[in-house]
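Biologist: Hi! Could you walk me through this one?

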Amino acid sequence: MPVFDQGYRRFEGTLRPRHALGALVWTAVRPRLRWWLWLLAAILSFYPGLVYAAITFITLAVGPDAFGGRNRLPEASGAFVAFSDNGDPSQLVAELLAPTTAGIVARLWRISEQCALAGFVLPAVACAGVIATDRATGAHQIYFARPVTRMRYLLSRIAAVTVFCSVATVLPPLLVWLETAALHDDPWFAAQTWSAPFAIALSGAVYAYFVSGVVLALSSTLRRPLVVGLATIFSYLFLQVVSAMIVHGLEDKRWRALDPQYALGGITAPLYGVALPDWLQTPWPWLVGLVVPTLLLAYVWSRLRAVEVAT
Amino acid sequence: MTSTAPVVRVTALEKRFGAVRALRGLDAAFPRGAVGLLGPNGAGKSTLLKVLLGLLEPDRGDAEVLGLRVAADPMAVRRAVGYMPEVDAYVSGLTGAASVRLAGILCGLPGRAAQQRAHEILYYVGLGEARYRRVEEYSTGMRQRLRFAQALVHDPELIFLDEPTNGLDPDGRDEMLALVDDLARHHGKSIVLCSHLLHDVEAVCEHVVVLREGTVALSGSVDDVRKLERGTFHVRVSGDEARFRAAAEAAGMHFAAQDGETLVVRVPDGAGAREIFRAAHAAGCVVRRLATVEQSLEGVFLRAVEGAAEARA
């Protein structure tokens, strides 16, 4: 001995009541920033964005003849016409060849809407353990025995999920908007579409809210992060399959709202000024996209109460 | 708050979990310095700590920590005290330094100060060389020290230590107790040491509070409590033991425990071994062995525990 050869020194400053939300978010995000995650993010999130970016670049920089006419659009773009009844890519081609401001903004919505799966998979992989690991390692005792409220803790976990979800749902359309603004003939394009970044951010928040509900509910219930991640992705695909089966079985497209991609796309479309088809103009997208995650987060809240007391 | 005021004061504290009454009108005052909180499982120690940290709301009664009413501002209480949990607790993926820094920031330390304090405290608890290693790589003893460092980083006036020597080897245990002792004796920290290891409490604490079934069974300075052990004997008799017991109890003696054939007998104040011989003689027994019990906390604690068992019976 002594082990304390440096001695103990008093802290001479003053403690200040702080929210420390940033520190809580950072401790949730920092350990999850791994190189392979970025690779996954790039593959999942930027694939549609990159295709759009390339098409935008070619169309705006090279000219309308780049594709040799509207019928020779690269096949990949056909996948992006989600709400088109017959999946006809000609609508997109028309927008690209004769871009209107509204058309370009609508394209940004399509990008974010097409990234819904990536916006699910990335947080599912990265944030599966955001509560489960804290439970396993007893980290809740570090938080709740200090001036950290349940609300602050929950917000920090939602923020962590939002960070990873936004990489998939906000970054690609935002980058395409920036690219378009940089390459567009009209120098006032950015001013004309000033609301686009806000629409992107808001729609990103809607996606993040939904994903947070699912990921955090599973993470606060299941023990192993791997199981949480798989269950999250499965729940998304399950809803898609169930939705498709009901739509085909009942021949009623309104059931598409059960599919998170359609539900969230339906909620966010008005932000970009995109008109919804009749069959999606129901309360169902709101129920699936906002009410369900609210209920799930209420469940997380009650789970955290139990954890707090058990600290 | 004056320097003589208790650091913790609870008044008529009640807490129920369904039909179970974890705290039964608990009244206690923890003076400054190192206080040992003792009690068998289910005595209410953990419930009391949770109430003091504002994690549990009492059904009735009031709790004050460092002059702050817990019910009024639990966050202020948590900011003012340090808490070392009993079980393993760490944030996955962080280094030792980052973990302690985080604890400091959560308690209100500015970022740079938290960073500096984290390094200082890690050296203090003997983890200076390991501070950049990830916590997952730490041994049990190192994690124990890390939790201690996290409780200390914001320089709290009062520190709750829940079984701080659990899982430590003898050297590690001595070092941990030396740190606790150093803080209490040389740096003016008040410490509530929650432990079932009486040796630990005897080694570092000046006061002790023994809980039993949600009430205070015993409270006072360690020296005073040890004195309660005076007049306790290990006795072995030959003959009719039941008659000896009856005679002894008629003379005001109590039987605290029995270890095989050895009885633990406590004689009334002012009495001594002579009364034991008299009782044996009256019962027609012969005293084969008589030894005074060494004055330790253990006997007192055991009596408190047995008192609970008897009350249950």
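Modeller: Happy to! Let's begin with a pair of leucines: B:Leu13 stands opposite B:Leu26, which lies in β2(B). This is a predicted model, where local features need pLDDT of at least 70 and side-chain atom pairs pLDDT 80 or more, while totals for chains, interfaces and linings use all residues. Residues are numbered from 1 along each chain as written, chains are lettered from A and ligands numbered from 1 in written order, and side-chain values use heavy atoms, without hydrogens and water.

Biologist: Over how many bridges do β1 and β2 of chain B pair?

Modeller: Strand β1(B), residues 8-17, pairs with β2(B) over 8 bridges, in the antiparallel sense. Pairing takes at least two DSSP bridges; strands are DSSP runs of E, at least two residues, and helices of H or I, at least four, numbered from the N terminus.

Biologist: And what's the strand order in that sheet?

Modeller: β2-β1-β4-β5 in chain B, an open sheet of 4 strands with antiparallel pairing. Its edge strands are β2 (20-30) and β5 (68-69), each pairing on one side only.

Biologist: Which helix packs on the sheet?

Modeller: α1(B), residues 45-52, touches β1, β2 and β4 (60-65) of chain B; contact means heavy atoms within 4.5 Å.

Biologist: Switching to chain A: at what angle do α8 and α11 pack?

Modeller: About 125 degrees, with axes 8 Å apart. Axes are lines fitted to C-alpha atoms, for helices over the stretch in contact, and angles run from 0 to 180 degrees between N-to-C directions.

Biologist: Who makes that contact?

Modeller: Among them are A:Leu154 and A:Val161 of α8(A), and A:Tyr207 and A:Val211 of α11(A).
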